[in-house]
Structure formats: C-alpha cells, structure tokens
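Thank you all for making the time this morning. I would like to walk through one model with you, going from the whole chain down to two local elements.

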Amino acid sequence: MRGQRKIRGQRKITAAALALAAVLTGLPAAAQPTQPAPTQGDPPQIEAGVGPGAPVPDTRPGEAFADPKVAELQRTATDVQRELADLSDRVRAAEDDLRSATGTATRAKTDRAAADRVVAAQQGEVDAYSSAIYSALARPSDLQVLFTAGSAEDFLAGSELVARLRADQDDRLSAAVSRQRAAIEAEDTAVGAERSAAERKADLDRRTGDASNRAAAVSSELRGKVDDTNTAVVAQQKAQQERNGKTAANWKAYTDKLAAAKITPPSAAALRDPARFPAWLLPLLGKTGVPQAGVAQVDVAGERLLVLPAETVKAVDAAVAALGKPFVPGKGGEGPTAYSCDGLVRAAYAVGGIGLPAAAGEQMAVLTPVSDARPGDVVFLGPARLGVQGVGIVLDERTMLAADARLAGVVVADLPAGETVLGFGRPALAQRPAQPVPAAADGGLPWRCGGVQLPARGAGEAAGAWGGYPNGLIPLTALCPLGQGSHVLRCDAAEAFRAMSAAYAAVFGAPICLTDSYRTFAAQVRLYAVKPALAAVPGTSNHGWGLAVDLCGGVQSFGSAEYAWMISNAALFGWSNPPWARPGRGREEPWHWEFTGA
C-alpha cells in the first residue's frame with residue numbers, strides 16, 4: 001500500500017540524513033542527538049515551524065557552503081524539496097477548496113430542503129383554499145359573479161377580485177416551485193464541485209506519496225555522495241583543528257621569545273612615528289623602502305625580532321584565545337560565547353584598549369590603510385561589488401584569523417588574494433575621519449563574513465539560511481545550549497532565550513517550558529512522514545536553522561497569562577510569535593516562537 005511504501009522510504013531518508021548529520025558534526029551516526037524530550041509538560045501538536053505558502057528558503061550559491069561536496073548534496077536535495085513544497089502548498093489549497101466546496105454543498109442542501117418546505121406549504125394552501133370553496137358549492141368564477149352582482153360596478157369589482165385571488169395563488173405557487181428548481185440546480189452544482197475538489201485532493205495525496213517515495217529513493221542514491229562528503233568534511237575539520245592549534249602554538253612561541261629577551265612591547269602611541277622610536281628599536285622597512293609606522297623590530301643575538309604595540313599583542317592574544325568558538329552572523333557577535341567576523345575584530349581590540357566601530361565597513365572607513373600587512377593588522381574582504389563583506393586579523397603574509405560563516409566558527413584561514421582583498425588597516429595607528437568604502441552594487445544576495453544571509457520570510461519571522469551547512473545539518477559545535485536538557489540554538493538566539501527565560505522565571509517562578517528547539521533534518525523527515533499536511537517540508541523549518549522553539553507550560557494557549565507575558569515581553573529579547581502563527585492568521589501556533597534578533 002502507498003502508506004507502507006512511504007514508511008519504507010521514510011526509513012531510507014532518515015538513515016541518510018543521520019549519516020550526513022554524522023558527517024557534519026564529526027560524530028558517529030549513533031552519537032547523533034535524538035529529539036530532546038520536553039522539559040516540562042506535554043509537547044504540543046505537530047506543527048510546521050514555517051508560515052503557510054513559504055518557499056524553500058535555501059537559495060545560496062555553492063561557494064557559500066563549507067565544502068563543495070556539501071553544496072552538491074544540497075543542490076541534489078533542493079529539487080526534491082521544491083517538489084514537496086509545491087505539492088504541500090497545493091495540498092493545503094486543495095484542502096481549503098474541499099472545505100469550501102463541502103460548505104457550499106451543505107448550504108445548498110439546506111436551501112433545497114427549505115425550498116421543498118415552501119412548495120409543500122404553498123401547495124397546502126392551494127389545496128385548503130380549493131377544498132373550502134368547493135365545500136361552499138362552487139369555486140368563484142366570472143359567471144358566478146355575474147349572477148350574484150347587484151350592479152355593473154359590483155360585477156367589475158367582483159371579477160377583479162376573482163382574478164387577483166387566482167393570480168396570487170398562481171404566483172405564490174410558481175415562485176415556490178421556481179425557488180425549488182433553482183435550489184435543486186444549485187445543490188447539483190455544489191455536490192459536483194465537492195466531488196471534483198475531493199478528486200483533486202485525492203490526486204494530490206497520491207502525488208505527495210509518490211514524491212515522498214522519490215525523496216527516499218534520492219536519499220538512497222545519495223549514500224555514495226554522503227560517503228565522499230564524510231571523507232572531505234571530517235578531513236577538513238581535523239585539518240582545521242590542527243591548523244588552529246599550530247597557529248596558537250606559534251603565537252605563544254613568539255610572545256615567549258619576546259619575554260625571554262625581556263622585551264616589553266611599547267604602546268601604540270610610541271610607535272606611530274618611526275623617526276621617534278625608542279632608541280632600542282629599529283624601523284621596519286616596507287616594500288618601498290620607507291619605514292613603517294605602528295611596527296618596529298629589534299636585534300636579539302643577531303636575529304631580527306618583530307615588535308608590535310602592546311595593544312596589538314593583547315588583541316591578537318584575545319583573538320587566538322577565541323579559536324574554535326562558534327560563529328554568529330549578527331553584527332553584535334562580540335563574544336565571549338560566539339563571534340561574527342567584525343564582532344571578533346572589535347572585541348579583540350577592545351581587550352587591547354583600542355575602540356573600533358561595530359561593522360566591517362565602518363571599521364574600514366576609519367582605520368588608517370597600509371600596504372604592507374603585519375601581524376595584528378586587519379584585512380577587509382570583498383570583492384568590491386559585494387561591498388565590505390568580511391574582515392579578519394592578519395597573522396602573517398599567508399594566513400589570517402577570522403570568524404568564518406562557511407566553517408561556522410573562529411578559524412585560521414588562508415589570506416585571500418586578488419580582488420577579494422579590499423585593503424588592510426592598522427588599528428595601532430590613529431584613526432582617520434570616515435572615508436567612503438566599497439558598497440554592494442549588484443543587487444544580489446547579501447554576503448557577510450564569507451557567507452550568504454537570506455532575508456527573513458516576513459515581519460516577525462526568523463531570518464533564513466546562515467553558515468556553511470544545510471538546514472538541520474548544522475554541526476553541534478556551531479550551536480549553544482539553552483541550559484535545559486539537550487536543547488540548543490544558534491548562539492545569539494540561545495543567549496537571548498536564556499535571558500528571556502530568566503525574566504519569565506522572575507514572574508512565574510519557573511523557566512520557560514521547552515518542548516523543541518534545534519530540529520535536525522532527520523527529525524524534520526520523521527515529522528513530515530507523520531503529518532505532511534502540517535509539518536514543514538524537510539530542510540525548510542526555522543527549527544532547522546536553530547532559530548525557533550516550541551514552548552509549553554501555558555505559553556501554548558492563546559488565552560493564558562504566560563502567552564500574554566510573552567507577547568508583551570519577548571520582543572525585548574528578540575523573540576516573536578510570528579504573525580502567521582497568531583489567531584486567525586492561517587495556522588494558529590501559539591507555542592511556536594522565532595528569534596528575529598530585532
């Protein structure tokens with residue numbers, strides 16, 4: 001049977017999803033987290049986690065993913081997602097049409113029954129009238145009027161009365177019969193429309209089942225690609241960890257060498273004019289042979305050792321200490337839990353005592369540019385047609401340290417070349433008045449910190465894709481705990497939720513009750529198999545981006561005090577019950593809340 005085929009296919013796609021999840025987290029499939037158990041109370045009914053009619057959200061180009069093999073896997077899955085999403089929307093529309101047609105047919109049957117009663121009543125009146133007249137010996141007629149009239153005037157009046165009585169009876173009965181006939185036709189039309197709507201719904205159900213089977217088949221076919229992806233991504237993660245560790249060790253070796261030589265880094269102000277360096281320092285020449293401001297060198301036993309300002313050393317120390325921390329796309333990603341690219345640069349230099357603007361473009365606008373990059377300088381990334389879409393801290397002539405969207409963390413990466421590099425700035429030098437910087441001019445998707453960010457589906461809804469991994473397949477190392485069970489979210493959403501839960505507990509005596517948070521792709525597949533008309537198409541739910549929660553403990557009811565508190569206060573923490581989930585908006589889900597960051 002179709003249901004059995006769907007279940008068998010479901011097992012295939014779930015297994016593939018778990019395997020891919022294992023690939024992306026670096027854990028064996030058996031170690032993948034299961035759906036968290038509710039913290040309090042019973043879970044709400046299965047829900048979509050996405051508004052009615054929303055399209056498949058992930059339209060990122062391949063270079064936005066962490067690995068080309070992951071991007072290829074995503075493209076393969078997208079075709080099936082789009083078909084399922086289209087069918088899901090059409091099934092919902094068919095259900096609406098069927099409900100409407102059924103309602104119309106029910107009303108038509110009611111109208112027809114009412115018309116039948118009117119005809120019966122009118123016929124009853126005619127029969128009763130006729131019976132009464134014939135009981136009085138005769139039905140009124142012009143001849144009877146002629147014989148009984150006392151004058152010509154009486155005859156005319158009597159004749160008119162008889163005609164009016166006959167016409168009134170005929171009209172009333174005729175109108176009732178016409179109404180009955182129209183009601184019968186309307187009922188036939190409505191029943192036919194109901195039958196057609198039911199047939200369309202049944203056809204779409206069959207097509208959805210077929211599409212689910214195709215999705216399972218595609219998942220099975222992807223197993224070879226999953227194996228290839230496993231090899232590539234696990235190797236990438238291992239190499240990244242080794243590179244991060246080696247870089248941290250190299251930086252420590254440099255600072256240890258300074259300490260061993262009893263060199264105390266001077267202040268940034270002391271190094272801003274090469275002509276006034278302290279006597280023990282030597283200038284460092286640039287490519288043009290001109291001494292550079294903001295850096296120096298010293299001769300230690302015949303070896304030239306780079307000397308950076310104390311502020312720069314502290315900033316790089318802080319940035320190196322952040323290696324491996326999760327990435328967040330927001331401009332406020334300044335740690336200490338997670339970082340955006342510009343948030344990392346700002347936070348690191350704040351430790352060094354140098355204040356920088358929040359956004360990468362603003363940083364480039366005020367920092368003094370240099371042509372010879374040295375450790376601690378910042379590199380601004382483009383290309384120009386995308387504007388200033390990223391920033392990192394230079395470590396040497398080949399590498400930089402950055403919070404990278406594609407790798408979903410703070411990493412050591414290759415220093416790019418060509419048009420990708422927009423320029424270098426040296427925070428140790430005095431800042432200049434803000435200058436114009438490249439701005440996006442192609443009208444395309446916005447790039448930030450090496451990745452594409454898709455916009456929110458609508459007001460009050462979470463943004464779409466972020467990071468270098470598909471929906472529901474985000475490495476757990478890129479997410480942060482909520483302090484309840486195994487629930488996790490993107491780190492900025494997690495931090496905001498914990499703060500909101502603390503405020504909630506101060507009023508209700510207990511933290512916010514959770515039933516669901518980050519939802520793996522495998523969990524989305526399971527929900528879709530149970531309720532395809534309600535659950536989101538796998539790979540499209542905002543739960544799969546770590547940006548949504550389902551709540552209990554009273555919040556799941558529109559009329560509760562808990563829900564009222566959330567409506568009044570959640571926006572202060574960047575959370576929203578989306579408009580589509582509110583009463584009368586298309587799909588009522590009081591328990592579903594999304595992080596908007598607003």
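Predicted model: local features only at pLDDT ≥ 70, side-chain atom pairs only at ≥ 80, totals over all residues.

The protein chain has 598 residues, of which 46% count as buried, and its secondary structure comprises 11 helices and 16 strands. If we take the contacts in the protein chain with a separation of 6 or more, residues 24 or more positions apart account for 70% of them. As for the surface, the chain exposes about 27400 Å², and carbon and sulfur atoms supply 56% of that area.

Let me move to the sheet. Four strands make up an open sheet, and reading across it the order is β13-β14-β16-β15, with antiparallel pairing. The edges are taken by β13, residues 513-516, and β15, residues 575-576, and because each has a single partner strand, one side of each is left without a neighbour in the sheet. The partner of β13 is β14, residues 548-552, and the two are joined in the antiparallel sense over three bridges. Within that region, Cys513 stands opposite Cys552 of β14.

Finally, the helix. Helix α6 runs over residues 310-321, which is 12 residues, and from its first C-alpha to its last it reaches 17 Å, close to the 16 Å expected at 1.5 Å a residue. Which residues of α6 are buried? They are Glu311, Thr312, Val313, Ala315, Val316, Ala319 and Val320. As background for reading that list, an α-helix has 3.6 residues a turn, so residues three or four places apart point the same way.

How values were computed
Residues numbered from 1 in each chain as written. Heavy atoms only, no water. Expected span 1.5 Å × (residues − 1). Buried < 20%, exposed > 50% of the residue type's maximum accessible area, 1.4 Å probe, protein only. Contact = heavy atoms within 4.5 Å. Areas by Shrake-Rupley, 256 points an atom, 1.4 Å probe, with all protein chains shown as cover. Pairing = 2+ DSSP bridges.
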